[in-house]
Every structure is written in structure tokens, then in C-alpha cells.
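These are my notebook entries on one structure. I set down what I looked up, entry by entry.

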Amino acid sequence: MLAGFLEGVLVGLVSAVVLFVVKYSRVSPIRYVGTGREFFSNVDRNPAEQGFLQERGGGMMILALQGYLFFGTSGGVYRSVRERVDDEAGEPLRYLVLDFAAVSGIDTSAAINFQKIARLAEECNFVLLFCAADEDVIRRLHTDLDEDTFTGGEVRLLPDMDRALEWCEENLLEQNPGDRNDRGCFEQMEDFLSAEEIQVLHGYLERRDVRAGDVLTEQGDQSTELYFLETCAASAFYTTSTGKERRVRRSTHGTVFGELSFYLQSPRTASVVIDGAGLAYVLHRDELLRMETDNPEVAAGVNRYMAMLLSERLMFTTRTLRAVST
């Protein structure tokens, strides 16, 4: 009688496991799918570069994964990638970004499917980027995937989605140097201000020669300055309540920094540090007020230019949110 009871318990446990696997397998391992036309890194680029990336972004595939990945779910990830590679109507796949931020873990069977994706990357000449994977997932990938996978150049590990997208964008721009635009901030203003008015504008600006590591603003500072990064680059870092520092934005040369806090007159939400030496110009709020009184046409042109930049950034953000919610 006891033996029959134990057999019944064992059958029940096996049935529960099978039922769990079947039900869990029906849950999609993919939170959302996107391309480089909807998703961008937190790097502000000048309009020409942004337009180029928008045009070529179809060659990037972004898969945000979720849950615990095992044989019942990871196969769906491979099938999605295989379908994208076989899609002759679309642009050839050049970059595949797999975001593990919402993945709780993977098993050996899942790693086998990622090995198949890595082989596909080598065969079809695209770069595979794993991002936001925790230590356990990274250890599993290194254990179950061939070490050559990580040294051959087809597979890369990045700390988060932002860095992965930035790597793809930079790689795309470097392969097409003729499409990079070296126009500075004031050359881009020529649609809003005449050459004479730009000269007048310079009379209200402070010129700064900056070096890598220079701190422009600290988190919590009052926002009294607007930065025109003429030939330098800068990054914004947010410090959490636990003391952890996180990059929230990067601006390359030919872009503007600090516009939201400047116009809203709110405290700085992040610290800004110069990435590379170059030339920056600073517009102080009292100088903008003086310009609005003495040269209202010039001030209006500057404000129209800033409205255009903010509208473009809002458009890109809206496009990304729409892609995530569909």
C-alpha cells in the first residue's frame, strides 16, 4: 500500500512538472522586437548622423528577452532570428542585440540555442551582442559556449542595452566615414540665423577649452548654463540613492547639452563630465535674457533651433515607446 502511495506521489510530481513546462513554454521569451529605426542609444548626435542611422537602422535587430530560458522557450528566440536572416525582402542583418535585463536565468539547453545563433552570426556575417546579462548568465554562456565564440569578433558582451546600441551605431558610422558629419553647432544654426546673427550670438557666449575629465556640472546644481559642444563630447551620470553611478546620456560634438534643465530652470538631474578634449561654448541664462532684450531676432533664432532639437528627441522617444508597447 505504501509503495502504491509513493508511486502516486511520483506520478503527481512528474505530471506537475510536465504541466509546468508545457504552460511555461507557451509564454513568449521575447518581450519586444525592434530595429535601429525605433531604438537608439542615449547618445545625442548631430542631425546628419541621426538621419543616417535612421536610414540604415533596419540592419539591426533587437530582441528583449524575459523569464527563465530553457529548451521550451529559447528555441523561439532562435526561430525568430532564423526568420529574420531568411527574410530576403528586408535589409541584410548586420547586428543582433539580445537584451537579458529581464532574464532570470538560463539552462544548458538554452545555451545550446544561443550557440546555434552564434554559429548563424558567423555564417551570415552579422555581429551578436549579449547585453545586461547578470553574472550567472554570463558564467553559463562562457561555460556552455565555445571560448572561440567570444574571441572571433562575431559575439560581444556589453553591460547594458544603451552601450550595445552605441557600439552598433559607432560601428555603422565608422564603416561609412563619408556619412559622418563634422558640422559644429553654429553651422547647424544656419537654417535659423544668418552669418551676421551667428557672429552676434558669439558675443553672448563664453568660450571654454575643455579636457577629458573636466566636470561641467554636478548633480543637484542650479541650471544656469546651456552648453554647445562644438568639438568635444560629454556624458551625463546619475548617482542613485545607493551611491551607484549610471550613465544616462552622452552628447557628441556638434550637439547641445543641458537644454531641458536650462529652460525649465530646474536643478541638474545628473553630473556632466567631458569625454574628449575640445571646444565648448556656454550660454548663461542672464546672457540669454540680455540677448532677448538687445537682439530679440537672434534670441528667437536660438530658441527656434532649440525647439527643433527638442522636438526631434521627443519624436525618437515616442517612436521607441511605440515599438515597446506593440
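**Entry 1: a hairpin.** I began with strand 10 and strand 11, which form a hairpin with five residues between them. In its turn, glycine 243 has a positive phi of about 90°. I note here that strands (E, at least two residues) and helices (H or I, at least four) are DSSP runs, numbered from the N terminus. Two strands pair if DSSP finds at least two bridges between them.

The model is predicted, so I record its limits: local features need pLDDT of at least 70, side-chain atom pairs count only at pLDDT 80 or more, and totals for chains, interfaces and linings use all residues. Residues are numbered from 1 along each chain as its sequence is written, and side-chain values use heavy atoms, with hydrogens and water left out.

**Entry 2: the partners of strand 10.** I looked up how strand 10 (residues 233-239) pairs with strand 13 (residues 271-276), and found the antiparallel sense over five bridges. Alanine 234 stands opposite isoleucine 274 of strand 13. With strand 11 (residues 245-251), strand 10 pairs over six bridges, in the antiparallel sense. There I found phenylalanine 237 opposite arginine 247.

Entry 3: I then followed strand 9 (residues 225-229), which five bridges join to the antiparallel strand 14 (residues 278-284). Phenylalanine 228 has tyrosine 281 of strand 14 opposite it.

Entry 4: I next looked up an open sheet with the order 1-3-4-5-6 and mixed pairing. Its edge strands are strand 1 (30-35) and strand 6 (155-158), each of which pairs on one side only. The twist averages 20° from one strand to the next. Strand 3 (residues 60-69) and strand 4 (residues 95-106) pair in the parallel sense over nine bridges. Leucine 69 stands opposite isoleucine 106 of strand 4.

Which strands does helix 3 touch as it packs on the sheet? Helix 3 touches strand 1, strand 3 and strand 4, and its direction makes about 170° with that of strand 3. Contact means heavy atoms within 4.5 Å. Axes are lines fitted to C-alpha atoms, for helices over the stretch in contact, and angles run from 0 to 180 degrees between N-to-C directions. Helix 7 also packs on the sheet, touching strand 1, strand 3, strand 4, strand 5 (127-131) and strand 6. The direction of helix 7 makes about 170° with that of strand 4.

**Entry 5: helix 3 against helix 4.** The axes of helix 3 (residues 71-86) and helix 4 (residues 108-124) come within 8 Å and cross at roughly 15°. The two helices are therefore roughly parallel (under 35 degrees; over 145 is roughly antiparallel, 65 to 115 roughly perpendicular and the rest oblique). The contact residues include Phe71, Tyr78 and Val85 of helix 3, and Phe114, Ile117 and Leu120 of helix 4. I counted them by class as ten nonpolar, four polar and two charged. Ala, Val, Leu, Ile, Met, Phe, Trp, Tyr, Cys and Pro count as nonpolar, Asp, Glu, Lys and Arg as charged, and the others, Gly among them, as polar.

**Entry 6: helix 2 against helix 7.** The axes of helix 2 (residues 47-56) and helix 7 come within 11 Å and cross at roughly 100°, which means that helix 2 is roughly perpendicular to helix 7. Glu49, Phe52, Leu53 and Arg56 of helix 2 meet Glu169, Leu172 and Leu173 of helix 7. These divide into four nonpolar, no polar and three charged residues.

**Entry 7: aspartate 162.** Is aspartate 162 buried or exposed? Aspartate 162, in helix 7 (residues 161-174), is buried because its relative accessible area is 11% (buried is under 20%, exposed over 50%, partly exposed in between, with a 1.4 Å probe and protein chains only). Leaving aside neighbours within four places in sequence, aspartate 162 is in contact with Ser41, Asn42 and Arg247.

**Entry 8: positive phi.** Most residues other than glycine have a negative phi. Glutamine 265, in the loop between helix 10 (259-264) and strand 13, has a positive phi near 55°. Glutamine 265 counts as exposed, at 54% relative accessibility.
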